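Please read these points with the structure open beside you. Find each residue as you reach it.

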Amino acid sequence: MNLTDGELVEALLRGDRRAFEHFFHEYYPKLYRFAKRRMPQDAAAAEDIAQGTLCRALESLRGYRGEAALFTWLCTLCRREMSARWDEARAWNTAPRLAEEDPSIRAALESLLAREQWDPLQAAGREQVRTSILAALDYLPAPYGDILEWKYLRDMSMGEIARRLGRSPKAVESLLTRAREAFRETFSTLSGGQPEGELP
Amino acid sequence: MSTDPDRSIETLIRLAGEREMPSDEATARARAAAEASWRAMLADKPPQRRSRLPLALAAALTLAVLGWYAWTPRVVVQPSVLVARVVTVDGAARIARGRELQIARRDHDLMSGVILQTGQGRAAATIAHALSLRLDHDTRLRFDGRDHVTLLEGSLYVDSGGLGLGPPLTISTPAGDVRHIGTQFQIRVSGDTTGIRVREGRVALRRGATLARTVAAGDALEIRGAEEHWRHGLPSFGADWEWSAALAPALAIEDRPMVEFLAWMAREHGWQLHFGDEALQRQAQEIHLHGSLDGLDAAAMLARVALVTGVPLTLDDGVLWVGAR
């Protein structure tokens with residue numbers, strides 16, 4: 001499905017089953033990873049929190065006004081979910097603060113302002129970079145993150161990606177270009193766009 | 001160092017590797033829970049716009065109501081609110097409101113103040129389409145409000161759907177107030193003895209304003225007056241739990257992936273789910289079931305699904321094996 005956030009929410013409110021399937025498969029893994037990055041030792045809790053967030057989101061879907069991107073809204077609900085459940089645990093309070101938690105970075109992710117002349121290999125710190133890469137892939141609008149993974153990790157051809165998405169190879173080429181651009185901007189924002197340093 | 005930005009992106013993505021995915025079992029569980037929430041949201045109609053009365057008429061009505069309100073002696077009556085709905089009745093069950101007694105049926109609304117009592121039958125109710133309350137034989141449960149019930153006697157099984165899920169609920173018992181933190185547990189009240197046994201997650205027992213005890217998965221606590229008796233390391237499956245599985249809402253399997261059926265069975269019966277290999281796990285995601293399993297017990301459901309899918313399903317000491325062991 002190729003829908004804007006608003007269109008997807010409208011379709012869900014109409015009871016469109018395809019929209020539900022798309023919504024679930026698009027956002028459940030992303031929310032799981034969002035939670036897991038904050039509680040790396042507890043995959044089961046991250047799964048439960050992602051599930052709880054989706055349930056809360058669907059129950060309060062009429063409250064989504066489209067003022068923020070759908071994933072940003074879901075992340076806000078996810079933070080509340082984590083906070084509510086981990087009141088008793090110290091894990092949440094001692095969890096490392098991630099770049100995505102910074103309001104200015106979240107705002108920047110929303111706007112995805114263009115940056116020029118930035119070389120991603122200049123980002124420092126392998127683990128921090130890895131975390132930022134994975135987070136950036138999740139923040140990309142669908143299906144950019146998937147296309148980049150299919151292309152670069154699974155070595156799928158343009159034809160294979162086109163068949164998977166039900167689009168022409170030409171359209172996929174254009175999508176890939178936009179996906180790279182969006183990734184560059186998002187990753188730059190998440191990693192702070194540090195000017196010095198190379199990947200180890 | 002490459003300066004080609006596209007090449008750099010490829011390098012970065014290869015460096016990071018594939019994004020982590022939640023387990024298939026969790027995905028199946030989450031999908032079922034999300035679908036239930038979605039359907040509940042669709043079932044709740046959005047607020048209707050009020051029809052507009054002519055302004056003068058509306059003003060006159062307002063004045064009349066205000067006048068009546070100001071001059072009439074007031075008796076405060078707590079409005080009755082919808083707390084839960086009956087979803088399953090096995091045998092006979094009744095709903096009592098004061099002296100009035102009626103036979104409980106499926107889809108019967110349970111308003112605040114009513115008592116659901118089972119006698120020789122059993123019954124299950126749901127709160128907000130999310131929290132499952134199941135009553136064993138000879139049980140009386142009073143619905144006090146949207147987030148509060150009182151177990152007067154008998155055995156109650158509660159399933160909130162997952163850690164921290166389901167609406168908040170306090171269950172009053174002679175031993176104190178039990179609050180679910182998650183997720184599957186049963187309470188038994190017999191005279192002045194209260195027993196709490198947790199299958200998954202934790203429950204908190206409060207007496208007065210202080211937290212008295214936390215009972216975790218595998219634990220059982222029995223309280224009689226000041227006496228406490230603890231047991232630990234109890235299995236999550238077996239005869240003590242099976243009565244509640246018999247009251248579980250039926251799973252509609254039509255066009256549902258086999259893995260969701262397996263996850264549902266494992267959850268309802270407290271089993272662990274094990275796949276023989278990764279190929280079988282993928283196969284269970286891809287196979288979609290058709291038809292209905294209504295009226296079948298657990299063993300018959302497993303036999304039916306194994307037969308139509310060709311995937312062997314074996315139950316051994318609380319473990320549901322999918323494929324060869």
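The points below start with chain B as a whole, then take up one of its sheets, and end with a pair of helices and one leucine in chain A.

1. A caution comes before the rest. This is a predicted model. Treat every value below as computed from that prediction.

2. Take chain B as a whole. It has 7 helices and 20 strands. Its length is 325 residues, and 36% of them are buried. Now look at its contacts between residues at least 6 apart in sequence. Of these, 51% join residues at least 24 apart.

3. Next, pick out one sheet in chain B. This open sheet has 3 strands, in the order β17-β20-β19. Its pairing is mixed. Which strands stand at the edges? They are β17 (272-275) and β19 of chain B. Each has a single partner strand, so one side of each lacks a neighbour in the sheet. From one strand to the next, the twist averages 25°.

4. Stay with two strands of that sheet. Strand β19 of chain B covers residues 313-316, and strand β20 of chain B covers residues 319-322. They pair in the antiparallel sense, over 4 bridges. You can trace two of the pairings by eye. T314(B) has W321(B) in β20(B) as its bridge partner. D316(B) stands opposite V319(B) in β20(B).

5. Now check the turn of this hairpin. There are 2 residues between β19(B) and β20(B). D317(B) takes a positive phi there, near 50°.

6. Move to chain A and its helices α1 (residues 5-14) and α2 (residues 17-38). Their axes come within 8 Å and cross at roughly 125°. That angle makes α1(A) oblique to α2(A). The crossing is left-handed.

7. Which residues of α1(A) meet α2(A)? They are L8(A), A11(A) and L12(A). On the α2(A) side, they meet A19(A), F20(A), H22(A) and F23(A). The residues of this contact divide into 6 nonpolar, 1 polar and no charged.

8. Last, consider L13(A), which also lies in helix α1 of chain A.

9. Leaving out residues up to four places away in sequence, L13(A) touches L61(A) and R62(A). L58(A) is 45 residues from L13(A) along the chain, yet their C-alpha atoms are separated by 9.1 Å.

Note on methods. Residues are numbered from 1 along each chain as its sequence is written. Chains are lettered from A and ligands numbered from 1 in the order in which they are written. This is a predicted model: local features need pLDDT of at least 70, side-chain atom pairs count only at pLDDT 80 or more; totals for chains, interfaces and linings use all residues. A residue is buried if 20 or more other C-beta atoms lie within 10 Å of its own, exposed if 12 or fewer, and partly exposed in between; C-beta atoms are placed from the backbone. Two residues are in contact if their C-beta atoms, placed from the backbone, lie within 7 Å. Two strands pair if DSSP finds at least two bridges between them. Axes are lines fitted to C-alpha atoms, for helices over the stretch in contact, and angles run from 0 to 180 degrees between N-to-C directions. Angles under 35 degrees count as roughly parallel, over 145 as roughly antiparallel, 65 to 115 as roughly perpendicular and the rest as oblique. A crossing is left-handed if the near helix is turned anticlockwise from the far one by less than a right angle, and right-handed if clockwise. Ala, Val, Leu, Ile, Met, Phe, Trp, Tyr, Cys and Pro count as nonpolar, Asp, Glu, Lys and Arg as charged, and the others, Gly among them, as polar.
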